[in-house]
Amino acid sequence: MKLGIVGLPNVGKSTLFNAITKAGAESANYPFCTIEPNVGMVSVPDERLDRLAEVYPSKKTIPTAIEFYDIAGLVEGASTGEGLGNKFLSHIREVEAIVHVVRCFENDDIVHVNAEIDPVSDIEIINLELMLSDIEVLQKRLANAQRAVKSDKSLAPEIKLIERALESLEAETSVRNLDLSDDEKKILKSLNLISAKPVIYVANVSEDDLLDEENNKYVKAVKDFASTEHAEVITVSAQIEQEIAELSDDEKKEFLEDLGLEHSGLDKLVKASYKLLGLMSFLTAGPMEARAWTIKTGTPAPEAAAKIHTDIQRGFIKAEVISFDDLMESGNMVVAKEKGLVRIEGKDYIMQDGDVVLFRFNV
């Protein structure tokens, strides 16, 4: 899973990226600090893995991972080359979802590119640039399709969708808000439009406001805006994330408890990302390793098996499945089998979040 962190200059993008990835990306109080996108891999927090490793026991745990791209700050006019322009936009096309960091704090020591704090205006500036870039892409694609449709009638649905998308964009409405059929969604995916990608808005607040976000007028404005396009919103303090980045898990937990927080910003971001993209995890375990695997919600067992190895999918016979909660309640697999909690599932079984699975196959 690739997520692109975007936002206007000086909203806390690189600070947040550094904190959640510990990648050491440069962070400074001036525009265009980030030129090329910094990339960092982040292990997805999953407390189930450690408990699973104890039950088997496994020598190591391997969580699933998210790849974060810290993409250069965008300014008004980027679609026509201002700032880093098209270079920035091309980087966004490579990610699966956009993490849009929005400044929701006041600090006279940190300059704002537009001189005042107005998160909705900030969002609209970036969204407009993304839409203008998509309009240019679609106009070229439409011209090509209209020429080719004379000899290839199968392009007619694509032309119809492009025209709908252009109409939406010219009305300053992102393509992600269009109501599409399954066939149209497949066509849309091939167009690789930035404004079609799902978005998580990250309201970056001060430490004080993190515990009192309901009274932060900027956060409220972001949530009101996000509700119009069914986007996810989480509230974090990039500064706090930076402070806890180097702590051990135990120290981090104690630090968060002292602040009165249940989850770190990374935990909230991962959870929102999974929800936004319709993802879930199943688990495998043995003497060597306990491991989490990320799949789309609604994935059949053989397709899930392919995440481990395509040979398992090709030679799939059955899956021995137990829910994580049932396994923990039983204490071990032997007791779980005695209780009849381990199920034998076939090719039609739809995987569930937290399934602990042993795939049987023959090739």
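Q: How many bridges join strand β1 to strand β4?
A: Four bridges join β1 (residues 2-6) to β4 (residues 65-70), and the two strands run parallel. Strands here are DSSP runs of E with at least two residues, helices are runs of H or I with at least four, and both are numbered from the N terminus. Two strands pair if DSSP finds at least two bridges between them.

Q: Which residue is the bridge partner of glycine 4 in β4?
A: Tyrosine 69.

Q: What sort of model is this?
A: This is a predicted model, where local features need pLDDT of at least 70, side-chain atom pairs count only at pLDDT 80 or more, and totals for chains, interfaces and linings use all residues. Residues are numbered from 1 along each chain as its sequence is written, and side-chain values use heavy atoms, with hydrogens and water left out.

Q: Back to the strands. What is the order in the open sheet of six strands?
A: The order is β2-β4-β1-β5-β6-β7, with mixed pairing. The edge strands are β2 (38-43) and β7, and each pairs on one side only. On average, neighbouring strands are turned by 25° against each other, direction ignored. For such angles, axes are lines fitted to C-alpha atoms (for helices, over the stretch in contact), and angles run from 0 to 180 degrees between N-to-C directions.

Q: Do β2 and β4 pair in the parallel or the antiparallel sense?
A: Antiparallel, over six bridges. In β4, glycine 40 has phenylalanine 68 as its bridge partner.

Q: And β5 with β6, parallel or antiparallel?
A: They pair in the parallel sense over six bridges. Isoleucine 98 has valine 199 of β6 as its bridge partner.

Q: What lies across β5 and β6?
A: Helix α4 does, running at about 145° to β5.

Q: New topic. Which residues of helix α8 are buried?
A: Tyr218, Val219, Val222, Phe225 and Ala226 are buried in α8 (residues 217-227). Buried means under 20% relative accessible area, exposed means over 50%, and partly exposed is in between (1.4 Å probe, protein chains only).

Q: Why are they on the same side of α8?
A: Because they cover an arc of only 125° around the axis. The arc is that of the directions from the helix axis to the C-beta atoms.

Q: What covers them?
A: The cover includes β5 (97-103), α4 (119-148), β6 (199-204) and β7 (232-236).

Q: What caps the N-terminal end of α8?
A: Asparagine 216. One of its side-chain oxygens lies 2.8 Å from the backbone nitrogen of tyrosine 218.

Q: Where is leucine 279?
A: In strand β8 (residues 279-285). Leucine 279 counts as buried because its relative accessible area is 16%.

Q: What is leucine 279 in contact with?
A: Leaving aside neighbours within four places in sequence, its contacts are Met1, Tyr274, Thr294, Ile295, Lys296 and Thr297. Contact means heavy atoms within 4.5 Å. Leucine 279 and methionine 1 are 278 residues apart in sequence and 9.7 Å apart in space, C-alpha to C-alpha.

Q: Is serine 330 buried or exposed?
A: Serine 330 is buried, because its relative accessibility is 10%. Serine 330 is in helix α14 (residues 324-330). Beyond neighbours within four places in sequence, serine 330 is in contact with Val335, Ala336, Lys339 and Leu341.

Q: How many helices and strands does the protein chain have?
A: The protein chain has 15 helices and twelve strands. Of its 363 residues, 48% count as buried.

Technical notes
Polar contact = N/O pair within 3.5 Å; in protein donor to acceptor, adjacent residues only side chain to side chain.
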